[in-house]
Each structure stands twice: as structure tokens, then as C-alpha cells.
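Dear colleague,

Please find below the structure that I am handing over to you. My notes on it follow directly after.

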Amino acid sequence: MPLPPKTGKNDVPIEDVHSGDDAHVEAVVAASLAKNDASSQKTPSPQVELVQQETSASSFAPSEASDRQTIESRSFWKAGDYVVVPSSKPAPFQGHLEHARVHPKFLHSNATSHKWAFGAIAELVDNAVDEIQNGATFVKIDKLDIMKDNSPALCFLDDGGGMDPNSIRKCMSLGYSSKKSKTTIGQYGNGFKTSTMRLGADVIVFSRAMHSSRATQSVGLLSYTFLRRTGQDDVIVPMIDFDISGHWAEPIIYSSPDDWSANLKTILDWSPFTSKEELMLQFDDIGSHGTKIVIYNLWLNDEGIYELSFDNDAEDIMLRDEANQGAGEKLSKKVVPLRSHISYRIRYSLRAYVSMLYLRKFSKFKIILRGKTVDQFNIADELKYSEVIRYTPQLVVAPKEATVVTTIGFIKEAPSLNVSGYNVYHKNRLVKPFWKVVAEGSSRGMGVVGVLEANFIEPAHDKQDFERSLLFVRLEAKLKQMTMDYWKGHCHLVGYQPSNFRSKNEEKQAHIRQSAGHSTNSQKELLADQLDIGLAAEHRNNLSSNQPIAGLAVTSMQCLSHEKHDTSVGAPGPLSVDKVCEENIQLFMRCEEYQLKERELKQTVVELEKELKEIQNKCTHLYSLLEAKRKQKSVKG
């Protein structure tokens with residue numbers, strides 16, 4: 001827990017204690033423990049709300065087990081594996097209340113809620129965005145070179161309201177949050193601790209603020225390395241404060257100058273800055289108000305390389321493992337455009353991820369990544385055939401803001417690129433990017449992307465997912481239905497075959513057959529009428545030539561049978577529209593298959609020609625080597 005302001009005097013000798021000087025440290029420990037026994041009976045200050053900690057130099061010195069507790073692996077997922085040494089602190093005296101301690105291991109286990117390093121960075125950006133209400137106009141994210149050991153550090157700088165001594169102690173406490181506004185993103189009071197400890201083993205915070213006409217600046221150190229190597233069984237956060245209302249910075253002393261000096265000494269021993277002057281120079285970047293966070297001893301991956309890569313792009317920060325995935329492999333023409341799409345780039349590029357992190361564009365606030373402003377991007381602005389659909393969830397109390405406005409459409413690359421899903425925001429902050437609500441492998445919903453802000457459901461602590469509540473399940477079902485309905489009505493616009501294509505064809509075919517039937521009946525009736533007319537005329541002629549009526553009957557019957565025979569034999573049968581449509585569909589599918597095979601064969605030919613050329617070059621090279629050897633042998637012979 002953070003070191004609170006104290007009123008009890010703690011006369012601890014301040015000496016130059018270095019983390020590697022074990023003999024000297026043991027002498028200081030013995031002396032300071034004797035002082036602590038005498039001073040431990042003093043009453044804590046009534047103004048202290050946080051857990052009181054002893055701030056003697058003994059707390060900051062390495063214990064006997066420091067060699068065993070040296071960080072063997074700088075990998076985040078292995079950093080919690082170290083031996084816990086029993087506490088050597090004396091039992092509380094009468095009149096002192098024992099408090100529930102927070103072991104340093106909890107800092108690591110608490111940070112494991114962030115499975116993704118960019119999620120931790122987003123938490124710190126959120127804190128800066130929340131400072132817009134206090135006048136913040138920018139947040140800068142950059143690499144800082146630590147001169148002490150030539151290692152990289154991650155730096156965040158904003159010009160918000162800053163933190164006074166009381167606020168910075170609350171910031172470094174666990175679970176305390178003063179953010180009650182409906183517009184602020186942070187709410188659990190845990191983001192700073194989890195995010196900084198997820199990115200690196202140690203963090204130092206500089207902050208300037210103006211409260212009640214008093215200007216202050218504070219420094220706080222949360223060091224997992226310090227807590228482990230000194231064998232602490234409680235989270236101790238050294239802090240120092242200055243009053244800068246006058247012409248120079250005056251230390252704010254709560255108990256004694258020695259106590260203040262002990263905190264300063266610990267900060268200098270375990271931070272990247274070796275002197276008080278160098279420490280004070282860090283405030284030059286802040287100005288009159290704001291906060292600067294420096295995360296150092298950044299975590300390594302399993303290969304012993306920094307998890308964050310600053311070298312791939314001078315204007316970006318990348319996740320090394322994701323960025324290098326598939327490096328050196330030949331990628332197909334289908335994979336290359338997919339990996340260049342923002343839905344894939346947000347996995348490894350911080351600039352791509354931060355560009356989509358907030359739904360509404362800022363008017364007077366900038367996110368500056370490595371010296372270049374991040375251009376905010378909303379994929380809804382690029383959707384084809386987009387529609388706006390409103391959805392009101394079933395809430396016990398249904399406020400106006402519960403109505404969800406969803407923009408849905410096809411990505412501009414559809415149908416050539418298979419990217420789909422919903423970008424779901426909460427209080428303007430992206431929580432689930434490209435969330436697929438349709439089952440994998442289904443062709444329905446391909447290329448359909450949606451954007452919505454769901455403030456009626458609660459995000460998880462890492463703000464990378466939502467709590468799986470009944471409202472969340474209903475939202476998922478609604479988005480799936482929305483996708484299906486949109487797909488049915490719009491998929492043909494981008495070249496996809498609708499699912500009811502055959503049923504529509506069947507209706508058309510039935511209509512054609514019905515029309516063909518009417519036409520056949522009309523033709524038969526017309527032939528019958530013509531036949532009746534012809535027979536009547538012949539009957540008149542026969543009567544005039546006195547021919548018998550029986551012959552007329554026979555002749556007419558023969559003619560009628562002949563006409564019927566000619567009609568049934570000579571005329572073509574009814575055309576099968578079903579077969580024609582089915583054949584057309586099959587031909588179309590075969591045509592597409594052949595085109596795909598043609599493209600694949602062309603690509604294969606190009607690759608084979610390239611390989612052939614390489615082999616020919618090798619053969620030429622080998623032939624030249626053989627010729628050279630032959631010449632050498634002939635010269636020697």
C-alpha cells in the first residue's frame with residue numbers, strides 16, 4: 001500500500017545503502033530495527049485513511065533471501081514464481097490494530113487479468129482521456145531510454161489536472177476510485193496497478209496539481225523489483241511531495257526530515273534516476289499541471305526479448321510475437337490483404353489499435369504516439385450499403401440511453417476479403433473488436449461489419465470483454481438475427497448468392513410453366529376453331545355437289561385425327577425450366593471453379609519459373625566451379 005503521511009517521529013539514520021552491498025545493508029537493518037521497536041508504540045495520525053506502513057530504511061534493504069529472490073526470469077507469466085520468505089516484522093503492540101496485508105505477489109496475480117499488453121496500455125490512455133473534463137488536451141505515448149542500464153522504458157504524459165499528494169496515494173491504492181461520472185471510462189480503481197504491472201516490473205509516477213490555491217508536485221514508486229529483492233511481505237510505495245506554490249520546491253514533511261529522506265533514498269536506489277536533480281528534471285515535461293508515468297524493466301517474451309518492439313516502426317509500438325508471426329514465410333495472395341486489414345493489424349500495431357479505441361472523434365484532444373498524432377478511425381464511415389438499426393434491450397428500467405444504434409454494412413473490400421463482426425463500444429471505448437456472432441465456417445454474414453455502443457451492459461475488469469449476463473446473451477442473439485436479416489436482403493449487392501436463390505427460381509419457373517400452359521391451350525382452341533370453319537365450308541361444297549353425308553363424316557374424322565397426330569408428333573414437348581436453371585447454376589459454379597484453378601495454376605507457374613531460374617543459376621554457378629577445378633587440374637598436370 002502507499003506510504004501515508006505520518007505524524008509519529010521515526011528517527012532513522014539515513015546512509016548510502018546500495019542494493020548490492022549486503023554487509024553494509026545488514027548493519028543498517030540491525031540499527032534501524034532497534035529504532036523501530038522504540039517508535040512503534042506511537043499513535044498513528046488520525047488524518048491517515050490508508051494502511052500505515054513503517055518507512056524506515058530497513059524496509060528498503062535487501063533481506064537475507066535476496067539472492068534467492070533475484071528475478072530469474074523477466075517474463076511476465078513467470079514473474080510470480082518466487083519463494084515467499086516468512087515475515088520478520090515484530091508483532092503489533094497493544095493499542096495497534098493489525099491490518100490485512102497485501103503481499104507483493106498480489107500485484108502480479110492482479111495484473112494477470114490483462115492477457116493482452118495493448119489492453120494494459122489502453123487502460124492508461126483511458127486515464128488520460130478521463131482527464132479531458134479537467135482540461136487535458138493530449139496524451140503522449142513514447143519510448144524512453146534509461147541511461148542507468150541502457151534499457152527501454154514506456155512513458156505516458158498528459159496535461160490533465162494532475163494529482164495532489166492525497167490523490168496520488170489513492171491512485172496507488174488498490175480498488176479506490178473517485179470516478180463517479182457517467183462519462184468517465186475508469187470505475188473500478190484497479191486499472192493503474194494492473195496495467196502498469198502488466199507492462200513492466202516497475203513504475204514511477206510524477207504529477208503536478210493545483211488544489212485549493214496550493215500547487216504541489218509528487219513522486220511515487222511502485223516497484224515489484226524492490227518489493228521482491230528486499231523480501232517485503234507487504235506492498236510498500238515510497239512517495240515524496242513538494243509544495244511549489246513559492247519560487248522553489250519545498251519538501252512536504254509529514255513526520256520527520258529523516259522519514260522524507262528515507263523515501264527519497266529508496267526512490268533513487270530503485271528508480272531509473274540516480275539523483276534528486278535528475279528526478280526533478282522529469283517535471284519539466286509536465287508543465288504547470290499533468291502526470292507523467294514511466295514504466296521500466298519491461299517484460300520479456302519466452303525468448304528473452306522485449307515483449308514490446310520499438311524498432312519495427314519509428315512511429316509505432318508493436319507486439320513483437322504477433323508482428324513477427326509468419327515472418328519469412330511465403331504468404332498467398334489471399335492472406336496478404338487480410339493481414340494488412342485493420343481487423344488484423346490491431347493485434348500487433350498500437351497505432352492501429354488506438355485509432356479505433358474511441359468511437360467518437362475528439363475535438364480538442366490528441367493521442368500522440370511516438371511524436372505523431374494518431375488519426376482516429378471508425379470503420380462505419382467506410383461501409384458499403386450501410387444501414388442504421390435501432391434496438392431497445394429489455395431492461396427493468398429502460399432509460400433513453402439504453403436504445404442501441406447499430407450501423408451495419410459490408411466492408412469496402414467485400415466480397416474479396418472475409419472480414420466480419422461487430423465493434424462493440426462501452427462509454428465510447430472499444431471493448432470487443434470484430435466480434436463474430438455467426439458460427440465459424442458459415443458463409444452467411446461474410447463481409448458484414450457493425451458498429452454499436454452498448455452502455456447497458458458492464459465490461460469485464462480488463463475492458464476486453466463484457467460480463468456474460470442475461471442482457472449480454474440477448475444482445476448476442478439480437479446481433480446474430482440482425483446479421484442474418486441484413487445478409488438476406490443485401491448479399492446479392494456485393495456478389496454473394498442469396499440463401500433463397502433457388503426458391504425464387506422455383507417461383508419463376510412455376511410462373512413460366514403456367515404461362516406456357518395458357519399458351520398451349522390457346523393454340524389448341526385456335527386450331528379447333530380453324531378446323532370447324534374448314535369443315536363447315538367443305539360441308540357446304542359437298543351439299544352442293546350432292547355427295548353423301550357419310551363421306552363427310554369419315555373425311556372430317558380423318559382430318560381431325562391427322563391434325564391431332566401432326567400436332568403431337570411434329571410440335572416440340574414442353575420446355576423444362578427447372579433443368580435449364582439447374583444447368584445454369586452448375587455451369588456458373590464450374591466456371592468460377594475453373595477461374596480459381598486458372599489463377600492458382602498461374603501462380604504455380606510463376607513460382608515454378610522462379611524456382612527453375614534459381615536452379616539454373618545454381619547449375620551455372622556449379623558448372624563454373626567445375627570448370628575452374630578442371631582448369632586447375634589441367635594446369636597442375
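This is a predicted model: local features need pLDDT of at least 70, side-chain atom pairs count only at pLDDT 80 or more; totals for chains, interfaces and linings use all residues.

I begin with a pair of helices. Ala117, Ala120, Ile121, Glu123, Leu124 and Asn127 in α3 meet Gly191, Phe192, Ser195, Thr196, Arg198 and Leu199 in α5, where contact means heavy atoms within 4.5 Å. By class, the contact of α3 with α5 has 6 nonpolar, 4 polar and 2 charged residues; Ala, Val, Leu, Ile, Met, Phe, Trp, Tyr, Cys and Pro count as nonpolar, Asp, Glu, Lys and Arg as charged, and the others, Gly among them, as polar.

Residues are numbered from 1 along each chain as its sequence is written, and side-chain values use heavy atoms, with hydrogens and water left out.

Helix α3 spans residues 117-130 and helix α5 residues 191-199; their axes come within 8 Å and cross at roughly 140 degrees. That angle makes α3 oblique to α5. Axes here are lines fitted to C-alpha atoms, for helices over the stretch in contact, and angles run from 0 to 180 degrees between N-to-C directions. Angles under 35 degrees count as roughly parallel, over 145 as roughly antiparallel, 65 to 115 as roughly perpendicular and the rest as oblique. The crossing of α3 past α5 is left-handed, a term used if the near helix is turned anticlockwise from the far one by less than a right angle, with right-handed used if clockwise.

Helix α5 is mostly covered, with 9 of its 9 residues buried. Buried means under 20% relative accessible area, exposed over 50%, and partly exposed in between (1.4 Å probe, protein chains only). Among the buried residues of α5 are Lys193, Thr194 and Met197.

For the chain as a whole, there are 16 helices and 16 strands. Helices (H or I, at least four residues) and strands (E, at least two) are DSSP runs, numbered from the N terminus. Of the 637 residues in the protein chain, 43% are buried. The accessible surface comes to about 35,200 Å², and 54% of it belongs to carbon and sulfur atoms; accessible areas come from the Shrake-Rupley method with a 1.4 Å probe, and for residues only the protein chains shown count as cover. Among contacts in the chain with a separation of 6 or more, 71% are accounted for by residues 24 or more positions apart.

- Cys155 is found in strand β2 (residues 151-158) and is buried, with a relative accessible area of 10%. Its C-alpha atom is separated by 5.6 Å from that of Ile293, 138 residues apart along the chain. Not counting residues up to four places away in sequence, Cys155 touches Lys140, Ile141, Asp142, Leu144, Lys292, Ile293 and Val294.
- Ile168, in helix α4 (residues 165-171), counts as buried at 0% relative accessibility. Leaving aside neighbours within four places in sequence, Ile168 is in contact with Met163, Val205, Ser218, Gly220 and Met239. Ile168 and Gln217 are 49 residues apart in sequence and 10.0 Å apart in space, C-alpha to C-alpha.
- Ser420 lies in the loop between β13 (404-410) and β14 (421-426) and is buried, with a relative accessible area of 14%. Beyond neighbours within four places in sequence, Ser420 is in contact with Phe434, Lys436, Gly445, Gly447, Val448 and Val449.

Some backbone geometry also deserves mention. Most residues other than glycine have a negative phi, and most peptide bonds are trans. A cis peptide bond joins Ala414 and Pro415, with omega about 5 degrees; Pro415 is found in the loop between β13 and β14. Ser212, not a glycine, has a positive phi of about 55 degrees. Ser212 sits in the loop between β3 (200-211) and β4 (214-223) and is exposed, with a relative accessible area of 76%. Arg370, likewise not a glycine, has a positive phi of about 50 degrees. Arg370 is in the loop between β10 (366-369) and β11 (372-373) and counts as buried at 17% relative accessibility.

With kind regards
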